[in-house]
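Let's take a look at charges and rings in this one. Have the model open as you read.

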Amino acid sequence: MLTKKRLALLTIFMTMACFVLLLFLPDSIAGERRAEGKIIFFSKIGFLSVCIAVTIAMILILLFKREFVRWQTFSFGRYKYLLFNLVKRDFVSRYRKSILGVLWSLLNPLLTMLVMTMVFSLLFKDTIKNFPVYMLSGQIIYLFFSESTTRAMGSVIAGEGIIKKVYVPKYIFPVSNVLSSLTNLGFSLLAFLFVFLVTRAPFYWTMLLIPIPIIYTFIFSLGIAMLLSAMAVFFRDLTYLYGVFCMLLMYLSAIFYPISTIPEKYMPFMGLNPIYQYIDYFRNLVLVGEIPGLWKNAVCIGFALIALCCGVYVFMTKQDKYILHL
Amino acid sequence: MDQIAVSVSGVSMMFNLSKDKIKGLKEYVVKALKRQLFFEEFWALKNVSFTVNKGEVFGVMGLNGAGKSTLLKIIAGVFRPTKGSVVLNGELTPLLELGAGFDPEFSAKDNIFINGAMFGHPTSYMAAKYSEIMDFAELWEFEHVAVKNFSSGMVGRLGFAIATSVQPDILIVDEILGVGDYKFQAKCEERIHNMISGGVTVLLVSHNIKTIKEMCSRAVLLKKGEVVCLGDVDEVCRVYGEG
């Protein structure tokens, strides 16, 4: 008999099987560039172990059937207006009472880019061509991730007034924060296009595929955001720790330095940094004019799904306890 | 069963009471090492069961700390009970704390839409109800004023107007008849009476025996989280009056 549970299990195993098969695909067929050989090798190992982790997590989830059933009370249809209203409120309140208002969404990335370009183009003058575009492409992805997760982390705590008094699905809080960061990303993209045109960077048609890495990053950020917002309720210290972690991540993600500055022996570990993977994907589309191969896509999707699974699982299983700790 | 609107079965709620709340990782580790991580269990509700029929006005009585508010919050879905379950048959509107979820930085107008969305109403629906809500709350003068500048009476009026703009199936009322001045109170009472005659199921909490006797047909009396008396309102009021 094909029950819902069995169907879910079957789908998971099929996906896993596909990923494992993909692992044995020669790099040349998968469409990878030779130069990245070592990165690919290590990301394969990392990815495989994470795949196994997800499979185990999924089985665990299915075992806790009680929790699994409760997930059906997502009631998204009923609360989509609330989500929309919260995102709108966030957007309006962000630039409330500033004279330039929404324009800051555009100006902020431009000014940051200007400062960074002035500082770092002196350092890496010859190694990177078109430094402004190189840096801004990294900056956009990284800032979206760090901003959305940092803000979402405090969202459940900030929603105390609502959570304690009326019933709303708790996931509304992190999700609305990540979505409002996404609107911000849209403005950053406009700034990016502006810089792109001003610096007269060569145009590749692959640039039209920019939404793909952004979707990957969005799903990844959403997962991490849910995970952090759940954990922050129980351990408030996380807020401070995460700030430090984000700074570390920024320096590790090759945003404003060329990847070649990293010593050869540490290169493989770059593949394990999801944010670097997404930035690299983005740059491949914009600066190289190349569509990343199957393998890179699989890794990007893998990281995103794993983050989402963990985030949703932790968030949902802990959500009844939030109110007791606020 | 179609006839039952609210069914509360075997609901228990346990809170951890600790003298000082553990606020961080460091404190947690220190406490864990000192083996001070023991909590005092506090059962706010113990095995509470009752059903409320459709169209009935049901009273919940008890002294302070008897667990009335906890019970209503569980029915409203704010708390999840430690044990037992609550089954609702129909749309529920809680009038527990008026103005819950208002954003003080935003105007009355914005808050109407945000608050409406919290109850699951689409923006278009709220737009249609908008003038009705403003009329009832008598706040047209302050349409674009931030809620932080409102008096508590104004916040209460706005909250009541939004929450009751929709005809729910089940209404939870926690002593709200103390909103604003006597004129507005009369308006609130009238609206609630209209709802009752319209067939709404009401769960009413009040300390006022007179109000309960006038409005309810059945009631439950709680004492320290346990059901002392359940049934006909006169009987329950008699037991309550005895202390």
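## Charged pairs and aromatic rings

Glu235(B) comes out as partly exposed, at 37% relative accessibility. Its salt-bridge partner is Arg238(B), with N and O 3.2 Å apart, and Arg238(B) is partly exposed too, at 44% relative accessibility. Both residues sit in helix H8 (residues 233-242) of chain B, three residues apart, which is about one turn of the helix. Elsewhere in chain B, Lys129(B), Glu132(B) and Arg191(B) are joined into one network by salt bridges that share partners.

Keep in mind that this is a predicted model. The predictor gives the complex an ipTM of 0.80 and a pTM of 0.82. For chain B the average pLDDT is 83, and 90% of the residues score at least 70.

Over all chains, the structure holds 14 salt bridges. One of them pairs Glu105(B) with Lys148(B), with the closest N and O atoms 3.4 Å apart. Glu105(B) lies in the loop between strand E5 (92-95) and helix H3 (108-118) of chain B, and Lys148(B) lies in the loop between helix H4 (123-137) and helix H5 (152-163) of chain B, so this contact ties together parts that are 43 residues apart in sequence. How accessible is Glu105(B)? Its relative accessible area is 36%, so Glu105(B) is partly exposed. Lys148(B) is partly exposed as well, at 43%.

Then there's Lys210(B) with Glu214(B), a salt bridge at 4.0 Å from N to O. These two are four residues apart in helix H7 (residues 209-215) of chain B, so about one helical turn separates them. Lys210(B) is exposed, with a relative accessible area of 60%, and Glu214(B) is exposed at 61%.

| Salt bridge | N to O distance |
|---|---|
| Glu105(B) and Lys148(B) | 3.4 Å |
| Lys210(B) and Glu214(B) | 4.0 Å |
| Glu235(B) and Arg238(B) | 3.2 Å |

### Rings against rings

On to the aromatics: the count comes to 20 aromatic pairs over all chains. Take Tyr216(A) and Tyr278(A), whose ring centres are 6.4 Å apart with the planes at 45°, so the pair is tilted. Buried or exposed, what is Tyr216(A)? It counts as buried, at 11% relative accessibility, and Tyr278(A) is buried at 0%.

Over in chain B, the rings of Phe50(B) and Phe58(B) have centres 5.0 Å apart and planes at 15°, so this pair is stacked. Both partners are tucked away: Phe50(B) is buried with a relative accessible area of 4%, and Phe58(B) is buried at 0%.

Back in chain A, Tyr216(A) and Tyr278(A) belong to one aromatic cluster together with Phe145(A), Phe220(A) and Tyr281(A).

### Charges over rings

Which ring does the charged end of Lys187(B) sit over? That would be Phe136(B), with the charged end 4.8 Å from the ring centre. Arg157(B) has its charged end over the ring of Phe184(B), 5.8 Å from the centre.

Conventions:
Residues numbered from 1 in each chain as written. Chains lettered and ligands numbered in written order. Predicted model: local features only at pLDDT ≥ 70, side-chain atom pairs only at ≥ 80, totals over all residues. Heavy atoms only, no water. Salt bridge = Lys/Arg side-chain N within 4 Å of Asp/Glu carboxyl O. Buried < 20%, exposed > 50% of the residue type's maximum accessible area, 1.4 Å probe, protein only. pLDDT = per-residue confidence, 0-100. Phe/Tyr/Trp six-rings, centres within 6.5 Å; stacked < 30°, edge-to-face > 60°. Lys NZ or Arg CZ within 6 Å of the ring centre and 35° of its normal.
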